[in-house]
Amino acid sequence: MDQVLALEIMLSGESVLLTGAAGSGKTYILNQFIRAARAKGKHVSVTATTGLAATHLNGNTIHSWAGIGIHNSIPENFHETLLKGRRETIEKTDVLIIDEISMLHDYRLDMVDHIARKVRGNDEPFGGIQVILCGDFFQLPPVSRSDEPPSAFVVNSASYKELDPAVCYLEEQHRQDDSDFLEILNAIRSGDVRRRHADTLMARQDADLSEQGEVTELHTTNIDVDGLNILQLKKLEGESHSYSATTTGKETYVATLKRSCLAVEDLVLKKGALIMCIKNSPDKKYVNGSLGIVTGFEEDTQYPKVKLNNGRELTIAPETWELRDGDKKRASLVQIPLRLAWAITVHKSQGMTLDAARVDLRRTFVPGMGYVALSRVRNLETLSLAGMNRLALQVSPEALEIDETLVYKSKRDSQRFDNLRSLAKKRKETNATAEVSTSSTPWAEKLAKMRETHPNAYMKWTNEEDAVLIDLYNEDNSISIDILTEKLGRHPGSIRMRLQKHFGEDADSTLT
């Protein structure tokens, strides 16, 4: 299914399972839908299975939304004990989004369904809420700790079967631009990896990526990641600056919070350290996953100064993470929202796109882990492989079975909702009408008129113009759009799109 039809199905009010390969545009379509639904006045609750995944969509965890916190089952009349604010959120929700659905336990989706029905007094699936499940079952599966019940993928849950969502299986590819590499990734997904695929990957063993600059390494275990980051930090000259996390709450809750966020308990930095931002900044100056270099430390506070890869220079102050059970705060953690980025785990890389990476799959311990790691990069030329074990190119046998069913259902639903394509066409025509005058004036005349005010309108952006725009925005991210249009001679819409390219989708929201 293509993105256009998938978006129209969601906008029609249908509950949907949005799936597809890594890089197929799931998060992009999700963001498009969220904006469109909210523009219609709908209350959209954005959640994900982990705190890390939730930050990619500026949402919270599904456990927090439903008030289930760390529970593995629902006590009798549990919904009556929810705080008023939590109940009101569930009651007024029109659309519930749950991202990274592959990692959600089947019984927990049933718990969310149960609570939604009880709180809303409605015995329809999820109390009548439109539910959008998003994820890829070939990626990381649900993992049960020793104190949790055994689990399966959510498609095996009673609530999923009763909801019976439309399946939108995105088939386009928007990350990989290398046909040979894409063939390998598709072979992994289909469980049909051949000798030539393995040989092609092994040809990238210890490949030189020096032309890529500082490159992040992906490892399967925390011990490897921590060891490499410490080793690289020791190589840097200069004084170390240490930052210890402060926490509040019972020990068990604090331990849970530490597992669910990227903040490190003891952060040590030096000038020159490769770092990654691990939270979305409240003032939109950086986002989770932004890479950069430590350039120094503020004199009074000793907070780290960083230069991000997009050119922005700023000081990073402490941020707060919280663990909430419903509306009740169980624990909090305060720390500088950075971590060393010479290496990260495959688990924490999920959802990211990396310009280049060194990948070590020699200790792969769960199916799907190799696929997640390899699919972070765009092509073979930006991949260096340290090695891999037999499990590295395998995916879950259950995921293969699920995938066959989802592909079939997606084709069926493409035909079932094909009439919605006309709505997409009308929407596109309406948007075009709103943006371009419907008069019969030739385009050349319209462009000439536009260039009287914006002399560079519809001209290709130059590197020099990009540098000016980045510098101006870095100096003041609430700068007037009128100032930018005057200095660059471009239409405000073009400037907003360019800012989104350099600084993310919300960059233009800070302009005055």
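**The open sheet**

Mentor: Start here: five strands make an open sheet, ordered β14-β13-β12-β11-β17, with antiparallel pairing. Keep in mind that this is a predicted model.
Trainee: Which strands stand at the edges?
Mentor: β14 (313-315) and β17 (338-340). Each has a single partner strand, so one side of each lacks a neighbour in the sheet.
Trainee: And by how much are neighbouring strands turned against each other?
Mentor: By 40° on average, direction ignored.
Trainee: What joins β11 to β12?
Mentor: Three bridges, with β11 (residues 274-277) and β12 (residues 291-297) running antiparallel. As one of the pairs, M276 has L291 in β12 as its bridge partner.

Trainee: Switching to β2. Buried or exposed?
Mentor: Buried. Five of the five residues of β2 (residues 44-48) are buried, so the strand is largely enclosed by the rest of the structure.
Trainee: Which residues sit on which side?
Mentor: V44, V46 and A48 are on one side, S45 and T47 on the other. Both faces are covered.
Trainee: How does β2 pair with β4, parallel or antiparallel?
Mentor: Parallel, over five bridges, with β4 spanning residues 95-99. V44 has V95 as its bridge partner there.

Trainee: Helices now. At what angle do α1 and α2 cross?
Mentor: Roughly 40°. The axes of α1 (residues 3-11) and α2 (residues 26-39) come within 10 Å.
Trainee: Left-handed or right-handed crossing?
Mentor: α1 passes α2 in a right-handed crossing.
Trainee: Which residues meet there?
Mentor: From α1, Q3, L7, M10 and L11. From α2, Y28, I29, Q32, F33, A36 and A37.

Trainee: What about α18? Which residues are buried?
Mentor: I481, L484, T485 and L488, in a helix that covers residues 481-488. They span an arc of only 95° around the axis, which puts them on the same side of α18.
Trainee: Why would residues spaced like that point the same way?
Mentor: An α-helix has 3.6 residues a turn, so residues three or four places apart point the same way.
Trainee: What's exposed on the other side?
Mentor: D482, E486 and K487.
Trainee: And what caps the N-terminal end of α18?
Mentor: S480 does. One of its side-chain oxygens lies 3.1 Å from the backbone nitrogen of D482.
Trainee: What follows α18?
Mentor: G489, with a positive phi, near 65°.

Trainee: Last topic, loops. Where is F365?
Mentor: In the loop between β19 (357-361) and α13 (369-374).
Trainee: Buried or exposed?
Mentor: Exposed. F365 has a relative accessible area of 53%, and the cut-off for exposed is over 50%.
Trainee: What is F365 in contact with, leaving aside its neighbours within four places in sequence?
Mentor: T220, T221 and L391. T221 is 144 residues away along the chain, yet the C-alpha atoms of F365 and T221 are separated by 9.1 Å.
Trainee: And where does S396 sit?
Mentor: In the loop between β20 (383-388) and α14 (397-416). S396 counts as buried, because its relative accessibility is 17% and the cut-off for buried is under 20%.
Trainee: Which residues does S396 contact, beyond its neighbours within four places in sequence?
Mentor: F153 and P367.

Methods: Residues numbered from 1 in each chain as written. Predicted model: local features only at pLDDT ≥ 70, side-chain atom pairs only at ≥ 80, totals over all residues. Heavy atoms only, no water. Buried < 20%, exposed > 50% of the residue type's maximum accessible area, 1.4 Å probe, protein only. Helix = DSSP H or I, 4+ residues; strand = E, 2+ residues; numbered from the N terminus. Arc of directions from axis to C-beta. Polar contact = N/O pair within 3.5 Å; in protein donor to acceptor, adjacent residues only side chain to side chain. Pairing = 2+ DSSP bridges. Axes fitted to C-alpha atoms, helices over the stretch in contact; angles between N-to-C directions. Left-handed = near helix turned anticlockwise from the far one by under 90°. Contact = heavy atoms within 4.5 Å.
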